[in-house]
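Biologist: I have a new model open and would like to learn how to read its features one by one. Could you walk me through it?

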Amino acid sequence: MPGVAVKLYSVFFKLLLKHRLQNLISISSSSDKDGLPDSFGVSTRSDESVAAANPSFTDGVATKDIHIDPMTSLTVRIFLPESALSPPEPDSVSRHKDTYLNNQQARSDRRHSYGPNQNSPAPAERNESRRNSYGCNNENLETYGGYAPSAKRNSRKLPVMLQFHGGGWVSGSSDSATNDFFCRRIAKVCDVIVLAVGYRLAPENRYPAAFEDGVKVLHWLGKQANLADCCKSLGNRRVNGVEVKKLSVQGQIVDAFGASMVEPWLAAHADPSRCVLLGVSCGGNIADYVARKAVEAGKLLEPVKVVAQVLMYPFFIGNNPTQSEIKLANSYFYD
């Protein structure tokens with residue numbers, strides 16, 4: 001049996017949580033009475049510590065926040081490990097081809113009796129065309145210090161992991177300090193791109209808002225994959241009355257307002273055919289729901305393919321109580 005200190009802490013925590021939930025419910029009910037239901041919702045609490053996004057690889061992982069639904073507060077924080085910048089391992093055929101091309105280039109660059117080869121670029125020109133480790137020109141780093149993928153670089157394609165935080169559907173966020181630390185470690189150790197989902201919280205947005213947000217993020221990932229494929233071959237044309245054009249410089253598709261429709265990090269490094277769902281506590285319940293919807297959708301989600309799900313102490317309640325729930329019904333856990 002737990003000690004007295006654990007029981008006192010549990011009672012204090014439950015009273016504090018109960019008072020907090022009652023305040024949230026009263027605020028939500030007063031908004032409904034005024035005829036102003038907040039369908040936009042909230043995805044974070046003001047009293048929680050938040051970690052700011054950092055789009056540069058200061059600690060091996062770059063992060064950025066994206067608001068993917070203009071009608072709700074649904075957000076996503078992308079965690080991109082620095083290992084994605086390394087080029088993919090070439091197969092034997094491509095290695096022999098690269099060796100042959102390098103030998104031919106070395107022969108053409110050799111000096112002969114009349115001086116250097118006229119076709120080889122000058123050292124100054126080589127330095128101007130050289131790109132840094134972030135795939136950007138040096139002058140671009142003055143305005144944007146984060147990572148920007150290069151269209152000429154052949155980078156690795158990493159699996160994508162959708163992460164749903166815990167908090168009993170009423171607390172927690174994708175940008176909280178605890179969740180940020182957890183997702184950074186997952187991105188480093190597992191060598192994956194983590195998408196931390198900031199779903200809408202209750203009681204401002206009750207069931208099934210959080211579950212709908214989970215499915216919406218999965219469809220958004222498929223849309224990003226399709227747009228990334230289209231930007232390789234799509235020219236200037238009109239789609240549904242909106243002019244869509246391709247920028248040859250950045251390799252992105254933009255709308256008539258100049259806003260990018262393609263997320264560059266995912267377009268350059270994400271492999272949606274290897275998608276993993278990870279859920280913690282109540283997030284495990286959301287991850288299981290999203291996995292079931294992915295199975296029902298089938299090929300409609302292509303190229304997204306959910307290959308696995310990881311449920312960490314998931315929060316589930318069955319129709320019939322288990323033996324332990326009956327035994328502990330009057331304990332300090334449930335009273």
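Biologist: At what angle do helix α5 and helix α7 pack, and how far apart are their axes?

Modeller: Before the answer, please keep in mind that this is a predicted model. Helix α5 covers residues 209–230 and helix α7 covers residues 282–297; they pack at an angle of about 50°, with 9 Å between their axes.

Biologist: Are α5 and α7 roughly parallel or oblique to each other?

Modeller: Angles under 35 degrees count as roughly parallel, and 65 to 115 as roughly perpendicular. The angle here is about 50°, so α5 and α7 are oblique to each other. The crossing of α5 and α7 is right-handed.

Biologist: Which residues of α5 and α7 meet?

Modeller: From α5 come Ala-210, Phe-211, Gly-214, Val-215 and Leu-218, and from α7 come Asn-285, Ile-286, Tyr-289, Val-290, Lys-293 and Ala-294.

Biologist: Why does Val-215 count as buried?

Modeller: The cut-off for buried is under 20% relative accessible area. Val-215 has 17% relative accessibility, so Val-215 counts as buried.

Biologist: Now the loops. Where is Arg-200, and is Arg-200 buried or exposed?

Modeller: Arg-200 is placed in the loop between β4 and α5. With 8% relative accessibility, Arg-200 counts as buried. Arg-200 and Asp-213 are 13 residues apart in sequence, and their C-alpha atoms are 7.3 Å apart in space.

Biologist: Phi is next on my list. What is the phi of Trp-169?

Modeller: Trp-169 has a positive phi of about 70°, although Trp-169 is not a glycine. Its place is in the loop between β3 (158–164) and α4 (177–190). Tyr-313 is another such case, with a positive phi of about 35°. Tyr-313 is in the loop between β9 and α8.

Biologist: Is Tyr-313 buried or exposed?

Modeller: Exposed means over 50% relative accessible area, and Tyr-313 reaches 59%, so Tyr-313 is exposed. Pro-314 is in the loop between β9 (306–312) and α8 (323–327). Pro-314 is partly exposed, at 33%.

Biologist: What does Pro-314 touch?

Modeller: Not counting residues up to four places away in sequence, Pro-314 touches Ser-281 and Gly-284. Pro-314 and Asn-285 are 29 residues apart along the sequence, and their C-alpha atoms are 6.1 Å apart. Asn-285 is one of the α7 residues that meet α5.

Biologist: Which residues does Ala-51 touch?

Modeller: With residues up to four places away left out, Ala-51 touches Arg-77, Asp-175, Ser-176, Ala-177 and Asp-180. Asp-180 is 129 residues from Ala-51 along the chain, yet their C-alpha atoms are separated by 6.6 Å. Ala-51 is in the loop between α1 (4–33) and β1 (61–67), and at 16% relative accessible area Ala-51 is buried.

Biologist: To zoom out, how many helices and strands are in the chain?

Modeller: The chain has eight helices and nine strands. Buried residues make up 37% of its 335 residues. Among contacts with a separation of 6 or more, 73% come from residues 24 or more positions apart.

Note on methods
Residues are numbered from 1 along each chain as its sequence is written. This is a predicted model: local features need pLDDT of at least 70, side-chain atom pairs count only at pLDDT 80 or more; totals for chains, interfaces and linings use all residues. Side-chain values use heavy atoms; hydrogens and water are left out. Helices (H or I, at least four residues) and strands (E, at least two) are DSSP runs, numbered from the N terminus. Buried means under 20% relative accessible area, exposed over 50%, partly exposed in between (1.4 Å probe, protein chains only). Contact means heavy atoms within 4.5 Å. Axes are lines fitted to C-alpha atoms, for helices over the stretch in contact, and angles run from 0 to 180 degrees between N-to-C directions. Angles under 35 degrees count as roughly parallel, over 145 as roughly antiparallel, 65 to 115 as roughly perpendicular and the rest as oblique. A crossing is left-handed if the near helix is turned anticlockwise from the far one by less than a right angle, and right-handed if clockwise.
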